[in-house]
Amino acid sequence: MALLEVKNLGISFGGLRAVNEFCIKIEKGQLYGLIGPNGAGKTTIFNMLTGVYKPTDGIITLDGQNITGKKTIEINKAGIARTFQNIRLFKDLTVLDNVKVGLHNNYKYSTVEGILRLPAYRRTEKVMNERAMELLEVFGIAEEAEQLAANLPYGKQRKLEIARALATDPKLLLLDEPAAGMNPNETLELMETIRFVRDNFDMTILLIEHDMKLVSGICEELTVLNFGQVLAQGETSEVLNNPEVIKAYLGE
Amino acid sequence: MKFMKNMNKTTRQNMITYAMVILAYIIFQTLSVTGNLSSLMQGLLVPLCTYSILAVSLNLTVGVLGELSLGHAGFMCIGAFSSAFFTACTKDIITNDLLRFMIAFLIAAVCAGIFGILIGIPVLRLQGDYLAIVTLAFGEIIKNIINAMYVGLDENGFHFSLKDSMSLNMTENGRIIIKGAQGITGTARQSNFTIGIILLLLTLVIVLNLMNSRSGRAIMSIRDNRIAAESVGIDITKYKIMAFAISASLAGLAGCLYAHNLSSLTALPKNFGYNMSIMILVYVVLGGMANMRGSVIAAVVLTMIPELLREIGEYRMLIYAVIMIVMMIFNWSPKVKTWREAHSLKDVFHKRNVKEAK
């Protein structure tokens, strides 16, 4: 059974049909790409998958569980974590605390235990710190742990966002244009990181990207979206050679 | 010093804050006991604690949660009247003064907290500045209701009226506790500097420990980016209401301290009105968002200045305003900040240490 199965997903904003009859099937462990011209509805689909928008019709199933129209928090608990096209970090918190917010629902103690500094607080905080540092080390930002997130350079902010998403221990990771604003070297490094995350965290990843080098380099399957409709779907090399895709997206 | 180095940065900062409060207590208490403190300053000690607690508690809403509240004096008012009411009712029943005072604090915190939750539930679900509008209205409404409220006690129980004391229909032995615009009179003046400082420390411990815990991080993540906080599974409404309720109940504590420092408690615009709420907000802004030590310092300085400037008479408020502007620039202007960092005392000490090490 597929990890994520989306059937006939659609959403209308007033009279505008932003996404129509969108279907996708992602197997566990896959690296899946979602591409399409600007305004095709890619981020709208992410927003529906994570409960920011409620779909007008269609069904989303994650690991056999129907999550259609649920709240963002419930969907995160069910196992979907995401990053954002325009980076959304907790900029006045330290890098370490950003990841620890991600760990919020996995390591618990009550507010009273926190205020009174009871043993549960010390124990859990210690484990949280260790876990968060582990994640930061994976992304090579452990040295900046005590800095404010706002002071990180752009590339590292992107990485921190992925680290924070992984801290919630998701089954499926959604990356919204992870390479946006990166130079070719940073993009290459990011490709390594994404592969590393998939292999070492046993993660399934769905990503939106415009950088064709990244897409053809790491995605195993692709869905191409145009005007809210699926234009092509299948293995990366096949899809990228599809004449219609070339016409609509890559240019004739 | 080794002990200081082993703590992490935030813990060390918090310890400095506590130490400053304790040091201030020792200094003022010594001056007061040895008779070197003017009666004016003597009378200011408890209000200083009250305003510091109010500033720290409001900073939890404004600086940590990132929501604007313009009715903090309203929660203080609830705490003041509920605790003074309790004290007046149980004057003859609970004879142990300290015990009764402790229960009064508890009641003040709980009542103010309940109102915080009641206001928070509908308003904090919304995005935007609705909280500011609603709390502004709340503060005024509470003050006006209490001004018009008559409550009496006789052997048949409590009597309540919003008209006048006659309509309470009490028996001859009855006693009016809240007398409309005259408020509650005859409250025992139990507040003193020591209790005030203990409460301030308690408030600081609660707020600072909260900020460095799981819930505090959740609250601050909502302030920094609501959408991202939701995406990592933070329950926005729950943590917003939690922060606001804690902030309100701490204001209630301050209210209790305030009420038991006066023999007659009335709800005037001066003490519980809009101006008071704004004043507390000024302490918070001047002290810095989410900077609790700053809030305490701002509250102390801004409460003392007008009193110390009394001698120059009519120019008092003018100088006060100038000092406020200068403080604001000195604290927060980027250029002054760079200058301060370049000439900081810390550097002087540090350089000397380096030299000695060589």
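Modeller: One term before we start: two strands pair if DSSP finds at least two bridges between them. Also, this is a predicted model.

Biologist: OK. How many bridges join strand S7 to strand S8 of chain A?

Modeller: Strand S7 (residues 172-176) and strand S8 (residues 204-208) of chain A are joined by 5 bridges.

Biologist: And do they run parallel or antiparallel?

Modeller: S7 and S8 of chain A run parallel.

Biologist: What stands opposite A:Leu172?

Modeller: A:Thr204, in S8 of chain A, stands opposite A:Leu172.

Biologist: What sheet are these strands in, and in which order do the strands come?

Modeller: In chain A, 6 strands form an open sheet, and the order is S6-S7-S8-S3-S9-S10. The pairing in this sheet is mixed.

Biologist: Which are the edge strands?

Modeller: S6 and strand S10 (229-235) of chain A, each of which pairs on one side only. From one strand to the next, the twist averages 20°.

Biologist: Changing topic. How many residues of chain A are in contact with chain B?

Modeller: 29 residues of chain A, and they are in contact with 22 residues of chain B.

Biologist: Which elements of chain A give two or more residues to that side?

Modeller: Helix H2 (72-78), strand S6 (80-82), helix H3 (95-102) and helix H4 (111-115) of chain A.

Biologist: What confidence does the predictor give the complex?

Modeller: An ipTM of 0.91 and a pTM of 0.90. For chain B, the mean pLDDT is 88, and 94% of its residues reach 70 or more.

Definitions and conventions:
Residues numbered from 1 in each chain as written. Chains lettered and ligands numbered in written order. Predicted model: local features only at pLDDT ≥ 70, side-chain atom pairs only at ≥ 80, totals over all residues. pLDDT = per-residue confidence, 0-100. Contact = placed C-beta atoms within 7 Å. Helix = DSSP H or I, 4+ residues; strand = E, 2+ residues; numbered from the N terminus. Axes fitted to C-alpha atoms, helices over the stretch in contact; angles between N-to-C directions.
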